[in-house]
Structure formats: C-alpha cells, structure tokens
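Please look through the sequence and the structure before turning to the numbered points.

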Amino acid sequence: MSHKLRVGELQSIYLTEEQIWRSFTTILTTRSKKSSTYKYGLLKAMIENLYQVDDEAVVFYDQLAYSFAKIYWNLVIHHGLEQGTSGSAVVKRLIEIQREESIPEDITFDKLNATIQVKATTRIKAVMKTNVFGALYGDTQGSFYAFDHKEERFQFNRTVLTFMRKYQLLMVDLINYHMAKMIERLNDAPHINYLLEKVESIAKRSTLKPFERVLLQYTENTCFYCDKPLNKGQAKTHVDHFIPWSFVQSDQLWNLVLTCSKCNTSKKDKLPIRDFLRLVVERNEVLVVQQEIVSQDKNLKNYKEEKMIHLYEYSIQNGYENIWWPR
Ligand SMILES: [Zn+2]
C-alpha cells in the first residue's frame, strides 16, 4: 500500500512529455476507490508552489500543507461543500478547528488569523502524511515526485516540474474541471457550472492588503506602470499580479506590484509588455536585499531572476498573448 510509505524515492528520473501526459490524464480520470478529492487538492497545491521550489526542486511540507489547508477550508467551510468529502480526515480536522475557535462559516482561509492558519496547516500536514503524499505517489508509480516524512521534504521530478510550468493553464483547467465533476457526483446536487466557478476560486485570496503594506514600505509610492503618484485624493492603490493570477494561481510578493486603479482595471488578466519585465526584475532586486522582509516571507528567499523570466515566457506559451501597456 503506497499510502503507508514514509519515504518515496523517484522511480524514473527522465520522462517524456507523452509519458507525463499519460500519467496525468490517468490520475485525473480514474475514479479513486475512496472517492476522495485529495489528489486534486495535492495537484492544486503543487501548482501553487511551482515557483517556490529551491535549486533542488524541493518544497517543504509546510508550504504544500498551507496551500492544501486553504483549498479545503474554502471548499468545505466557506462554500459548505462538505458532503463531497464528508467523513474524510481533512474535513474532520477543519470542522474541529472551526468549532474550537467558533469561526463563522463565511470566513475564507486568508481572513483567519495567523495562529489559526498555522494550527490548520499543522493538522492538515499530519493528514497529508498518512493519506495524501503516498497515494498520489503510488498513482504515478513514483514518477512525479519523491517525498520524505521525516525531513518533511517534497521533491519534484525536474521533468515534471518543467512540464507543469509549461502547461500550467491547461493543467489548472483540467484539475478544476475533474475536481468539480467529482464533487458534483458525490453531492448529487449543484450543477457543474455552479461548482466549477467555486472550485476555480478556492485557491484565491480575498485581499492583498498585507502585501500592499509591505510594498509601500520598500517601493516608490507611484504606479508601477504609469508612474502616477499613489494615494492621492480619492484614487485607491491597487495590488496587481504582474503575471496574471489566473496563470500563476498564487500570490508571491515578487509578482505583485502597486498600481493606480486605472492601470489595474484596464490590465485585468493581461500580460504587461516586455519592458515591464525588466522593471519588475529590477524592483525585485531591491526587495530581496531587505533582510526584514526576506525573513518574514520565505517565498522571497527562493526568488531568482530566472524564475520571473521563465514565468513570463511560460505565460506566453500558455496563451497570454494579449499584451497590455498603460495608455
Ligand atoms: Zn497607473
């Protein structure tokens, strides 16, 4: 039983794209015996951490468990879709926390205070060790990643990491679709279109305010794109995902910029022209030398200029061709 494993080594280092596609579609479409949505949750957590890996393609369990806890909290508590995964260990742990702390149902994960987020992450991590890491590892014949419960270390197969970055958008859509379909089948209630919308947004934050505060401390108080001064009069400051959220599916300080409302509203889900890529790389050089924020934001520690550049290239390959500039 692969889910009982405590350590899983990589079984094949080099995989062709065809082999990865085959494994991936098999995992997505095979109905797992336990009818659990965990594999989708883990794939979504992996996608959220594609640019958080270190030089050895490693992410730590805490990072994955945070993403996983957030996804399930928003699905089960915030959207009340508990029937789909009822009785599962993840759902039980989250409901326990909600009751212990008397948290109202409509609260999204990012609105919880840091102590409760840590508590949820820690409990979910324990469940992932018994039910999640080993299971997907088994489903992929040990070819997608290696894991180690003692070191709490998760290492992507490099060819899989590259593949997931390259086809990120397509993967997100496929995972969301199959996850929604499974929840629909288990609930026999809401229609798939209604679910898909919810599933598509479960990884999304409701506010980027904390990032705004950090960025205001270390960057110019002007719009990143048009240079207009911010916080003047009625004009509100916006936090923009330089590479659109719909592509990255995560909120990293190094991908966030402060903008005026006009630029943010007109840019929406588009990619900025290449001139801004150089500017954001320069901006990040300023951020990564600030010890104070680097010590608070561990994602910034793993930031490399190449990550930003690759992300930009991959987003174009994924169809973000509608390039934007301020006018
Ligand atoms: Zn602007």
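1. Basis of the model. This is a predicted model, in which local features need pLDDT of at least 70 and side-chain atom pairs count only at pLDDT 80 or more, while totals for chains, interfaces and linings use all residues. Residues are numbered from 1 along each chain as its sequence is written, and side-chain values use heavy atoms, with hydrogens and water left out.

2. Rolling a probe the size of a water molecule over the atoms shows where empty space is left. Here the search uses a 1 Å grid over the protein atoms alone: a cavity is a set of points where a 1.4 Å probe fits but cannot get out, and a pocket is an open set with protein on both sides within 12 Å along at least five of seven lines. Lining residues have an atom within 4 Å of a point. Grid points are joined across faces, edges and corners, and a volume is the space filled by probe spheres set on the points. The largest pocket has a volume of about 1,000 Å³. It is lined by 35 residues, of which Tyr66, Gln117, Arg205, Phe211 and Asn299 are the closest to its centre.

3. Where the pocket lies. Both domain 1 (2-201) and domain 2 (209-324) give residues to the lining of the largest pocket, so the pocket lies between them; the domain bounds come from an automatic or database domain assignment. Helices α3 (61-78), α5 (114-131), α10 (209-218), α14 (291-296) and α15 (298-301) each supply at least two lining residues. Helices (H or I, at least four residues) and strands (E, at least two) are DSSP runs, numbered from the N terminus. The lining comprises eleven nonpolar, 14 polar and ten charged residues. In this grouping Ala, Val, Leu, Ile, Met, Phe, Trp, Tyr, Cys and Pro count as nonpolar, Asp, Glu, Lys and Arg as charged, and the others, Gly among them, as polar.

4. The cavities. How many cavities of 30 Å³ or more does the structure hold? There are two. The largest cavity contains about 60 Å³ of space, and its lining draws at least three residues from each of domain 1 and domain 2. Among its lining residues are Tyr51, Gln168, Trp254 and Leu311. The second largest cavity has a volume of about 50 Å³. Helix α2 gives the most to the lining of this second cavity, with three residues, and the lining divides into four nonpolar, one polar and two charged residues.

5. Salt bridges across the chain. The whole structure has 17 salt bridges, each a side-chain nitrogen of Lys or Arg within 4 Å of a carboxyl oxygen of Asp or Glu. In one of these, glutamate 56 meets arginine 153 at 3.3 Å, N to O. Glutamate 56 is in the loop between α2 (38-48) and β2 (58-60), and arginine 153 is in strand β4 (residues 153-156), 97 residues apart. Aspartate 62 and lysine 125 form another salt bridge, at 2.8 Å, N to O. Aspartate 62 lies in helix α3 and lysine 125 in helix α5, so this pair ties together parts that are 63 residues apart in sequence.

6. A salt-bridge network. Glutamate 100 and arginine 123 form a salt bridge, with their closest N and O atoms 3.1 Å apart. Because glutamate 100 lies in helix α4 (residues 89-100) and arginine 123 in helix α5, the pair ties together parts that are 23 residues apart in sequence. Arg93, Glu96, Glu100, Glu101, Lys119 and Arg123 are linked in a network of salt bridges.

7. Positive phi angles. Most residues other than glycine have a negative phi. Serine 102, which is not a glycine, has a positive phi of about 50° and is found in the loop between α4 and α5. Aspartate 227 has a positive phi near 75° and lies in the loop between α10 and β5 (237-241).

8. Cysteines. A disulfide is a pair of cysteine sulfur atoms within 2.5 Å, and by this rule the count is zero. Is cysteine 223 buried or exposed? Cysteine 223 is buried, at 1% relative accessible area, whereas cysteine 226 is partly exposed, at 29%. Buried means under 20% relative accessible area, exposed over 50%, and partly exposed in between (1.4 Å probe, protein chains only).
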